[in-house]
Amino acid sequence: MLFSQQPAYAAKAEELRTPPPKGKPYSVALPGSEKPGRSKVYRAWNSHKELLVSLDPKVRTVHDMFESAANRNPKGRCLGSRSYNSVTKTFGAYQWLDYQTVQKRRANLGVGIVELHNKHGRGGKNYGVGLWCQNRPEWQITDLACTSQALFSVSIYDVLGPETTQYIVNHAELSCVVTSLPHVPTLIKLKPNLPGLKFIICLDPIDAGEQPGFSKRSLLEDMAAGLDLSIYTIDEVEKLGESLNRPYNPPSPEDIVTINYTSGTTGPPKGVVLSHKNAIAGVSCSLSLTNAKAGDVIASYLPLAHIYERLIEQGSLWSGGAIGYFHGDILELVDDLKLLRPNAFVSVPRLFTRFAGAVSTATVDAPGFKGTLSRHVVNTKLANLNPADPSTATEKHIIYDRIWTKKVASALGLDRARLMASGSAPLDPTVHNFLRVATSANFVQGYGLTETYAQGVTQNPEDRSVSNCGGVVPAIEACLVSLPDMEYFVDDKPYPRGELLLRGNNVFKEYFKNPEETASAFTEDGWFRTGDVCMIDELGRFKIIDRRKNVLKLAQGEYISPERLEGILTAEHTYLAQAYVHGDSLQTCLIGIFGVQPDVFAPYASKILRQNIDPNNIEQIKSVLSDDRIRKSVLRDFQRTAKKHKLAGYERVQNAALMLEPFSIENETLTPTLKLKRPIVTKKFRTLLDNLYSQLAEESDAPKAKL
């Protein structure tokens, strides 16, 4: 170029973003790579000769990544947040830190953290620093500070209970936790059980000019008296680091970037050890699909303790983007989105389903001309999205995008969004396509795990299909292994099926201090066992169809995968937000507990009960959940779905209880990644489950009316 040159990472990303030639697969099978009981090895169509390490040979660590972006874009917006006005009780406009400011702060903070560890007797290098707070600029600054001194962060989920926090701090051998003010008293109370914890860095002010003894600092220090625990603020640590004027201590690609604890469905959390090499490979894959540009804006609201959000933000930083942090209330997320107007939006199916429900209610379900016009626009655009020749599919329309789509997308704050992405669970294909036409954004679905730095398989933005997660990302290779006990085989027709195995540059090395779990997670030749069952279509796209674990055995000896059935029911019935399918080994049929989606359930219940149920009246919704007419209608829906999906009789849910939100992180039935803790759910709802079986038996024994 004459005046500017495309950065190396962007040029490589653009090359990898290119879809395969028309009719060719997104993932290609390597000839001769199959083994008995195992499929051929698949790689990305344009990376089949060599797996991707980095988009830029000069960027091998997260430290390199941020430095390259900050030096390239020093005055660009980097991290933004909304300040709270205590007088008006409202949040203001976004205030931004530029890249050079973040660069300086993270350098000073990194030096200060190392100095305090030395002061408190923790020398050496490559140790962990706890990070416990909701998404905010200081989370990212702290994480970047750690990378600047070859330290690693250990994220603690903001909503976890004290027992899990205590386990992580001890297991990861943390001497320091960087945290927000509300968590400081919790750590002080836990200190008698945290012998290694020596100091806390508070991200919020604890002095405001109060008289001696009346400040937050005084109160907290009184609580910590005699516990061998010091408390500092982030400002103090940054000033300490600045006064020492020490250089960076950069990490190597093999150094740990984070230990990310996955809160398992059983047992204590496992610490996934991820390296800088893993991070750069994962972020490289992400950028090869997103077309992120300098100055692009994203919204940060998915928990940063999850690797999914960390990946998203690191991709934004590498490309010189701006990250705007939500103000803390997920129910008011749209307010933040309208201010940020992000260029890309990444979320999970649950939120996308809510967005689709809200848009549908305001448009296609609206009365009069508005509803008529909306239905015509949506039907026209859906037809354009599913033409006879898939290569001509588009979510855009030259006229309707101006008069309809822009208004709809603006109502969500997504009028500038070029790309949307969904992960963590399967996305309802109806929701997928509806939001494509409602926003005119490329909308892709992907699959990854903490162990693979949130990358595994992802749709290409030019692939507008549904019900699959796309092809293998460039840094990884994949294959399937047969599961005879579940009747999935790699030579199944028309498509191979089996457990998904992954291997590559973004795959983790080990579970921290857990050799047994590490050994069981890998095959002898180094493949990571995901536990997810896939099939691969003719275009090399992967679809998650089942889960290896959590198989139920009923009294008649039949094996059932409850997670597969839960996925089918929640996808088919959008009035359901949560599902737990249960089968006792002494029973011959299945029952379930289901959480409803208020905005979709309310009109459904109104139609059945012939009365108006207000979707915003939570108490009214709760009052009708136990109505037997509702229960029987839902069971009839389940039977129709079972026939549609050709489920066997023993795979059909025969009785159900409806609740508003039976499963949550707070009641310890969900992990922080929103996976069901099945043993805990069973124990917590044991009485209800027994009652559902009893009710079913009574109804079966009741005399039937004769004609």
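Colleague: At what angle do the axes of H9 and helix H10 (residues 307-318) cross, and within what distance do they come?

Modeller: In this predicted model, the axes (lines fitted to C-alpha atoms over the stretch in contact, with angles from 0 to 180 degrees between N-to-C directions) come within 9 Å and cross at roughly 75°. Local features need pLDDT of at least 70 and side-chain atom pairs 80 or more, whereas totals for chains, interfaces and linings use all residues. Numbering runs from 1 along each chain as its sequence is written, and side-chain values use heavy atoms, leaving out hydrogens and water.

Colleague: Why is H9 called roughly perpendicular to H10?

Modeller: The crossing angle is roughly 75°, and 65 to 115 degrees counts as roughly perpendicular, so H9 is given that description relative to H10.

Colleague: Which residues make the contact between H9 and H10?

Modeller: With contact taken as heavy atoms within 4.5 Å, H9 contributes Ala279, Ile280, Gly282, Val283, Ser284, Ser286 and Leu287, while H10 contributes Leu311, Gln314, Gly315 and Trp318. These residues of the H9 contact with H10 divide into six nonpolar, five polar and no charged, Gly being counted as polar.

Colleague: What makes Ser180 count as buried?

Modeller: Buried means under 20% relative accessible area, and Ser180, at 8% relative accessibility, therefore counts as buried. Ser180 lies in the loop between strand E7 (176-179) and helix H6 (184-190), where, leaving aside residues up to four places away in sequence, Ser180 touches Trp132, Cys133, Arg136, Cys202, Leu203 and Asp204. Ser180 and Leu131 are 49 residues apart in sequence, with 9.1 Å between their C-alpha atoms in space.

Colleague: How many cavities of 30 Å³ or more are there by this rule?

Modeller: A cavity is a set of points on a 1 Å grid where a 1.4 Å probe fits but cannot get out, and by this rule the count comes to two cavities of 30 Å³ or more. The largest cavity has a volume of about 160 Å³, and of the 17 residues that line the largest cavity (those with an atom within 4 Å of a point), the closest to its centre are Leu16, Ala44, Leu289, Asn460 and Val472. Helix H9 (276-290) and strand E18 (471-472) are the elements that give two or more residues to this lining, which divides into 10 nonpolar, seven polar and no charged.

Colleague: Which residues line the second largest cavity?

Modeller: Its lining is made up of Leu565, Leu569, Phe638, Ala642, Leu647, Glu651, Arg652 and Val653, around about 60 Å³ of space. Helix H17 (562-572) and helix H20 (628-644) each supply at least two of the lining residues, and the lining divides into six nonpolar, no polar and two charged.

Note on methods. 1 Å grid on protein atoms, 1.4 Å probe; cavity = no way out; pocket = protein on both sides within 12 Å on 5 of 7 lines; lining within 4 Å. Points joined across faces, edges and corners; volume = space filled by probe spheres on them. Helix = DSSP H or I, 4+ residues; strand = E, 2+ residues; numbered from the N terminus. Parallel < 35°, antiparallel > 145°, perpendicular 65-115°, else oblique. Buried < 20%, exposed > 50% of the residue type's maximum accessible area, 1.4 Å probe, protein only.
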